[in-house]
Amino acid sequence: MSQSTPSQGKSKEAGLTPDVVRHLAGLARIALTEDEVAKLTGELGIILASIDKVSEVATADVPGTSHPIPLTNVYRDDVPGPTLTTAEALAGAPDHDGSRFRVTAILGEEQ
Amino acid sequence: MAAALNTLTAAELSDKLASGDVSSVEVTQAHLDRIAAVDADVHAFLHLNENALDTAANVDAKRKAGEKLGPLAGVPIAIKDVLCTLGMPSTAGSRILEGWVPPYDATVVARLRAANLVLLGKTNMDEFAMGSSTEFSAYGATHNPWDLDRIPGGSGGGSAAAVAAFETPIALGSDTGGSIRQPAAVTGSVGVKPTYGGVSRYGAIALASSLDQVGPVSRTVLDAALVHDIIGGHDPRDSTSLTDKWPSFAEAARAGAQQESLKGLRIGVVKELDAPGFQAGVSQRFHETLTLLADAGAEIVEVGAPNFEYAVAAYYLILPAEASSNLAKFDSVRFGLRVNPVGGGTVEDVMAATREQGFGPEVKRRIILGTYALSAGYYDAYYGSAQKVRTLIQRDFSAAFSQADVLVSPAAPTTAFRLGEKLEDPLAMYLNDVTTIPANLAGIPGMSLPMGLAPEDGLPTGIQIMAPARADDRLYKLGATLERLLVDKWGHTLLSQAPALS
């Protein structure tokens, strides 16, 4: 692997390179064109420079908030509820065999 | 001559339907006729419900048979395309879901059907609700009824434009960072983002799960309240749904409309959201409105919210992070588009080709940004920091609400800008939501209400009212009082001044 990756310890000040964008697109499963990679590298660099300011006030003594209204775990009684039929679940699928979704090979040759 | 049915409010239509003055078929037909006349120009709708008139006839038959029907029975409503609807495509404005008909209704949609409302169709939006102009819809932009060369706001520009163009009296929207309130502001309509968890998200195609909230879009405060009463309340299918018992918001709106004095009410003006960079006409109308409120007896206090400065930055980390996870479900396997790459490939190759072709530019931008913010090595610096800012913004709101019962600000920093003006400048587009984003980060409710036309361009401006979490009734009460004060002052409603279109 010659691609540079965010996890290789580069500081965020190093900014986004086309290689990083290609790597992220791979993780996100989007086959970006080279034009898109170039455009996104520029745009995301500008956006990141702007949103980086969160670190100015996010000091160690401030706890994070993941959810706007605190809730404790939500449970329900362990009884069957209504579910989709197989036909309903398959109705919007690009391809199926009547009981299962159909896809191409899961593994490539190198795997 | 009686006013055309499509110009009446939902509350007025309800009264006429209940008294037998008009039938739901007549009301529905009047709105379908209006859509046929103007929607080629406005493009608020992506899909029309071919069963609307049948539903209306059924409601009429029930009423004729003496069945006791609730408020809004037989009244038409439009549904933002982010909400799943049986029998109608639900695309969220994306090519990747083109033609997809869900196998279930969103809870809010099921509740509207159970309350005998007539679903007119699905409204346009920025793809997966990412945008402030509807220009990122894969199916073409919606046009602002006040000036067809301008944006109707976003992401829920379709619902707001449909209401403002008198194509429907009421609609549903969803608001993640302002997608109900900002379109309301720039189209002269009313929009409410309820308290997070106040309305079910089940069947709302998720953008950012900790921020998304479904809410009403209308021309009057009372109409928004009537819709909220129907769609709100606990839903066991949404694990973040609050189990609170809610008061009647329609009652709050009716009480507010009757109220003569605002004596005893403390209205906080958020200093950071009354900014010098805002359009002059927006600031002018905002300060005139504050004077009107003070003249009615309200105590106006200035409150500081120092961390709001960081809200947009935190939002554009949290939202892309959550969106990149939520949108992973569009994998070409279970629903939606599948694109087979030339020469075939593995399921991952198919997935990548599908997502390349099925997602538009703003969706790709945010997925890549979110993937970056969540990557190892950057998580703490970006996503972790943004979550801390969220805490600081909640603290700012707590401090502000200890000094004031409600907070106000302009609902959008400018009037509607021209189509195309900010399309190539993502950062400029993001700043449209500077006034609305804090409420989403804190989970509190907010309403946008028309406060007049900006003198320099004659386009609508909106005031935002915010209340503490769970105190949505305050929005409806004060909103209805202010609406009446403004209509008394102008001598007409704001939307009666909109161009005729047809």
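Visitor: Which elements of chain B do the buried residues of α1(B) pack against?

Guide: Happy to take you there, and please keep in mind that this is a predicted model. The buried residues of α1(B) pack against α2 (24-42), β4 (170-174), β6 (214-218) and α7 (221-231) of chain B. The helix itself covers residues 10-19 of chain B, and its buried residues are Ala10(B), Ala11(B), Leu13(B), Ser14(B) and Leu17(B). These five sit on the same side of α1(B), because the arc they cover around the axis is only 160 degrees. Follow the chain past the end of α1(B) and you come to Gly20(B), which has a positive phi, near 85 degrees.

Helix α16(B) runs over residues 472-490, 19 residues in total, and spans 27 Å from its first C-alpha to its last, close to the 27 Å expected at 1.5 Å a residue.

To place chain B in its setting, turn to its contact with chain A, which takes 62 residues from chain B and 52 residues from chain A. On the chain A side, α1 (18-27), α2 (34-51) and α3 (86-90) each supply at least two residues, and α2(A) gives the most, with eight residues. By class, that side of chain A has 33 nonpolar, eleven polar and eight charged residues.

Note on methods. Residues numbered from 1 in each chain as written. Chains lettered and ligands numbered in written order. Predicted model: local features only at pLDDT ≥ 70, side-chain atom pairs only at ≥ 80, totals over all residues. Contact = placed C-beta atoms within 7 Å. Helix = DSSP H or I, 4+ residues; strand = E, 2+ residues; numbered from the N terminus. Nonpolar A, V, L, I, M, F, W, Y, C, P; charged D, E, K, R; others polar. Buried ≥ 20, exposed ≤ 12 C-beta atoms within 10 Å, placed from the backbone. Arc of directions from axis to C-beta. Expected span 1.5 Å × (residues − 1).
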